[in-house]
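Dear colleague,

I am passing on the structure below, together with some notes on how its chains meet. Please read the notes with the structure open beside them.

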Amino acid sequence: MTIFVSLITGLIFGLGLIVAGMTDPAKVLAFLDLAGSWDPSLALVMGGAIPVSAVAFLLAGKRGTSFLGQAVQLPETRRIDRRLVVGSMLFGIGWGLAGICPGPALTLLGFGTWKAVIFVAAMLVGMFLFEMLERRLRRK
Amino acid sequence: MMIDWDSFTPVSALAGGATIGLAAAILLLANGRIAGISGIVGGLMRNKSGDISWRAAFVIGLVAAPILYRAFATLPQSRIDASWPVLILAGLLVGFGTRLGSGCTSGHGVCGISRLSPRSILATLTFMGFGFATVYIVRHLFAY
């Protein structure tokens, strides 16, 4: 059942990205281009998403277990460290170069464009490099 | 700053955003998991038993969304201007950076801010700031 829920939520999430305009990298870049002719639409995507999910987080935080009896798994780290900041910087640069973040990258695969395949392949390599680095650091 | 009112799509942006929020809400309330895409995908590389299938199912849903959409309506415009070398560099940075920083637009930007996590608020300000700066440098300083 949890696997079915994952599939359906993935679908709903992807449909949301399409409707919101997040699967148009040109539009994403127009949002990030403050000095050009700025398209503020994408600020409203977060504005639409946050209130809805905030209610869920309030509820889930009170219950502690999910409706399907799973543990609610929230990140416990509270430390603000160099990893968080440097990682977000690198992500921001990559996002600004192509206008694609991880969710839309995967949904763009379903649009059937080669450029999306290239981006996702490079993104997976980037994630894999991180895993390798992480394993190495842990061994030390 | 000049606002491009012709391209401004407030209704679909809000509606799409609310739909994204709904998906995150269902995944959390039903499965107890956070809808952070980079974390969901990255977890697939860790091979922890019993932890793979829900992640794979979510990714399949994300990829299948435009195929389902196309069955009922014409997909909205989607234009990728970046050249292949730029796409490769950008993809590497996005993949590595989101894993190092423990999240992306969904995990930090939507879920993290929803629960007022200071880490996520800082991460979101950082990647948005660097996104704005990168576009400024590429488009206006180098006039690419």
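**The interface between chain A and chain B**

In this predicted model, a salt bridge joins the side chains of B:Arg46 and A:Glu134, with 3.6 Å from N to O. The count of salt bridges between chain A and chain B is five, and 29 residue pairs, both members at pLDDT 80 or more, are found in polar contact across this interface.

As for the extent of the contact, chain A brings 108 residues to it and chain B brings 107 residues. The area buried between chain A and chain B comes to about 9,900 Å², and carbon and sulfur atoms give 76% of that area.

The two chains are also joined through strands: β1(A) is linked by two bridges to strand β1 of chain B (residues 2–3), and these strands run parallel. Within this pairing, A:Ser37 stands opposite B:Met2, which lies in β1(B).

How values were computed. Residues are numbered from 1 along each chain as its sequence is written. Chains are lettered from A and ligands numbered from 1 in the order in which they are written. This is a predicted model: local features need pLDDT of at least 70, side-chain atom pairs count only at pLDDT 80 or more; totals for chains, interfaces and linings use all residues. Side-chain values use heavy atoms; hydrogens and water are left out. Contact means heavy atoms within 4.5 Å. Buried area is the accessible area (1.4 Å probe) that two parts lose on being put together, summed over both. A salt bridge is a side-chain nitrogen of Lys or Arg within 4 Å of a carboxyl oxygen of Asp or Glu. A polar contact is a pair of N or O atoms within 3.5 Å; within protein, one must be able to donate a hydrogen and the other to accept it, and residues adjacent in sequence count only if both atoms are side-chain atoms. Two strands pair if DSSP finds at least two bridges between them. Helices (H or I, at least four residues) and strands (E, at least two) are DSSP runs, numbered from the N terminus.
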